[in-house]
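Hi,

Here is the structure I promised to pass on. Have a look at it first, and then read my notes below.

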Amino acid sequence: MALCRSVQGSIDDAVLEKDDRSPVTVADYGSQALVCRSLAASRPSDPVVAEEEAGALRRPEQSTFLARVGRELASVGVEAEGKTICDWIDRGSSQPCQRFWTLDPIDGTKGFLRKGHYAVALALIIDGRVEVAALGCPQLGDPAAGGLVYWAVKDQGARVAPVGNPNDSRPVQVSDCQDMRLARLCESVESAHSAHDRSARIAEDLGLGGQPVRLDSQAKYATVADGAAEIYLRLPVNDTYREKIWDHAAGALVVSEAGGQVSDTHGRPLDFSLGRTLSANRGVVVTNGPLHERVLDAVLASTPSDQHGDGNHD
Ligand code: AMP
Ligand code: MG
């Protein structure tokens, strides 16, 4: 996370305007290299299914770029040659299997670029179930101090601590709100990732009092888990997109271990046993638990006519 913060801090406005995504890529590669390196040391036989791969980075014409990734790694105390860095990154190129880790080295790229929320999300999946989750959220808590890390172990609850201070942890618990008028909704900043018009109708239907809070990345899962919102809606904008496992595995376990509930927009549990995508699911509905059925009813009532399918036709 220190590496990501360093890269995010050096994105200047000119780069943002030009929409040059290279700083993101440096941070994506750097974050994936560090997490895969650490898993290689601690769990050498576990495969990793991660978002990035180093194919492009290995090309001679990318040597300057690779050197930049190397400098970012060195800035957090990890000195390595280019080939070693690429090999770490490519430890993330495994296929999903009986037991594997899934990693999003920078979730919420758009948020990262606009200096907003993003997350580093890692989860262990065994037999299609998420067993362990770690979710780094550099912009939650005190961003100047590095943000917060949430973690959860199946059936053992969820905890959170400031980055670099694991001994200062506390349990994570969803809000006990049962009053829909007081319930707070969060959703993606990007309307291309979740239908804002539909969530506005649902919020009105439910009688929610306030405006939705928009933030990028799985920081939304952390926000519901930590009792700062009661509802997170991710409403499909079309019937073709399939959610990626690394965009949900860590967040979903943190919420359910904090006492909340996670399903898709049809009320089905998220199915992590089907490969790199949640191909049997459509969208996501996350709540503190007591509100789930009522939220789901409103979501179902608002389902567009082209999204009533059984979710198994891809
Ligand atoms: P968020 O920050 O919650 O808006 O989600 C960011 C994630 O949305 C990225 O990691 C992408 O994998 C994912 N994404 C990309 N396109 C779509 C889409 N059409 N619908 C839903 N999620 C998407
Ligand atoms: Mg992502």
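What follows is what I found in it.

A word on conventions: this is a predicted model, with local features needing pLDDT of at least 70, side-chain atom pairs counting only at pLDDT 80 or more, and totals for chains, interfaces and linings using all residues. Residues are numbered from 1 along each chain as its sequence is written, chains are lettered from A and ligands numbered from 1 in the order in which they are written, and side-chain values use heavy atoms, with hydrogens and water left out.

Let's start with the metal. The magnesium ion (ligand 2) has Asp 104 (OD), Asp 107 (OD) and Asp 247 (OD) as its protein donors, 2.0 to 2.3 Å away. Donors here are N, O and S atoms within 2.8 Å of the metal (3.2 Å for Na, K and Ca); water is not among the atoms, so sites may look incomplete. Along the chain, the spacing of these donors is D-x2-D-x139-D. Asp 104 and Asp 107 are both buried (under 20% relative accessible area, 1.4 Å probe, protein chains only).

Now the inside. The largest nonpolar core has 42 residues, and Tyr 150 and Tyr 221 have the most contacts inside it. Such a core is a set of buried Ala, Val, Leu, Ile, Met, Phe, Trp, Tyr and Cys residues joined through side-chain atoms within 4.5 Å. Helix 9 gives the most to this core, six residues (helices, H or I, have at least four residues and strands, E, at least two; both are DSSP runs numbered from the N terminus).

Finally, strand 4 runs antiparallel to strand 3, with seven bridges, and antiparallel to strand 5, with six. Strands pair if DSSP finds at least two bridges between them.

Cheers

Definitions and conventions:
Buried < 20%, exposed > 50% of the residue type's maximum accessible area, 1.4 Å probe, protein only.
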